[in-house]
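User: Could you walk me through this fold before I set anything up?

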Amino acid sequence: MVNPPTQRYAAAWRHPDSGKEWLRASSYVDIARLLEDGGFDLMFMPDALAVPEDAQGDVATTLASGGKGAVTLDPITVLSAVVGATSRIGLGATVSTSFLPPYAIARTLASLDHLSAGRVAWNIVTSTTDAEARNMGQASIAPKAMRYDRADRVVTQVLELMGTWHADALVQEAESGLFADPRLVARTPAPRERSAAPGPLSLPRSPQGHPVLMQAGASPRGMEFAAKWAELVFIAADGIEGNLAVRTELRERARLAGRNPDELRVCAAIQPIAGSTNIDAASQRASLLAHIDEASAVRSLARLMHADPASIRLQDPAVDFLADHRDATGSEGFEDMLAAVCRREGLTVRDLALRQSFDQLTPSPTGSGADIADELCEWQDAGAADGFVVTPAILPGSLADFVEYVVPELRRRGRLPEAEASPTAPTLRSRLSSKFRPLGEAQAFEPQLTD
């Protein structure tokens, strides 16, 4: 997951090893090439449509501290800059279903999928804050159930629009003068709501039919949505046991929804700190921690949980603080994870503030390449994860260390394929797994031949 200059590690922009050219396309091209050469399947970019506000609706804390979300480049624009400089790496873009019409989403994602020869993934989000809603012309964010109901409709319509062209519709016969066979292009089915786009999409079918569908919901409603639609789910749960429980539930929900559970891949969020030795990695971790300012961490926690900074008592149990500010983030699964870690480790509010600023309480394996590979293999062998979403503490250094120290260990153990010799690759969906039956082939609207 790539989102400079503010990753999960809140002090990323302050660290001397952090790249400073994050407003230049060349920075993202370099990162994408590093990931591609390092055997990563996907470069994934999150998104937010507003600078995070505090309880008073002020953005000062986020901006002054350079907190997560202070700067968010448009994912589609960034990935468009990366397309021509890469040939194999997948391109994951976050696009919200709460504000854009399905036609705009379908055309944008289909365009990028064409330009990348079938390497696009769509991270489906519903957005969570009133600030985002106001920036997009709405008075406030809809309740969670309504947002997910809309998301179901939007995803359905996007897939229908992407299926309005048959795979053989684009003919381009110069001799006959036939550009596209109109018999193989159709409008979408009768709309279920007045705002549904009839189509057809103004693009032929993309190489994948539709992008790989990603989702990160960990609440019951979010998991219901993921079980219905997602091909990749990434989660931030409480260690191996927590991830195993979520993955088990997601697979069971997928089965109950009539899907093969193996169609759904669950990836655990991690923030690894890899070094040439354990001592090297420990030194890196100490340097990262040293750049976290406690006062800034407390203010950032207050902003995140919509709390009054003056009322925070640092020695209070963190679980009590979280309970008093339930539903502040708009992410039920994320808050459940925070509470579980705080309860298990007996964290104070001060501990929580510092940990939140360091890694948002997601697992942060630290050590040599062999040590981190041991831990990742343990997760997979326990059934807790099919793969991992690697969030770097700093860019590009943390990713470069992972590629240098961890990737060779994973390859040596047969957990990661050797470097690809071919300059091109199959579509992202094909690359992810030979068992990946494309969801779109089963559900997308398919035009029929007419006489």
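Analyst: What follows goes from the overall chain to its sheet. This is a predicted model, where local features need pLDDT of at least 70, side-chain atom pairs count only at pLDDT 80 or more, and totals for chains, interfaces and linings use all residues. Residues are numbered from 1 along each chain as its sequence is written, and side-chain values use heavy atoms, with hydrogens and water left out.

User: How many helices and strands are in the protein chain?

Analyst: The protein chain has 17 helices and eleven strands, taken as DSSP runs (H or I, at least four residues, for helices; E, at least two, for strands) and numbered from the N terminus.

User: And what is the strand order in the open sheet?

Analyst: Its seven strands run S1-S2-S3-S6-S7-S8-S11 with parallel pairing, where a pair requires at least two DSSP bridges between the strands.

User: Which residue stands opposite Val 233 in S7?

Analyst: That is Gln 215; S6 (residues 212-215) and S7 (residues 232-235) pair in the parallel sense over two bridges.

User: Switching topic, what share of the residues is buried?

Analyst: Of the 451 residues, 51% count as buried, meaning under 20% relative accessible area with a 1.4 Å probe, protein chains only.

User: What does the C-alpha trace span?

Analyst: Along its principal axes, the C-alpha trace of the protein chain spans about 75 × 50 × 45 Å.

How values were computed
Buried < 20%, exposed > 50% of the residue type's maximum accessible area, 1.4 Å probe, protein only.
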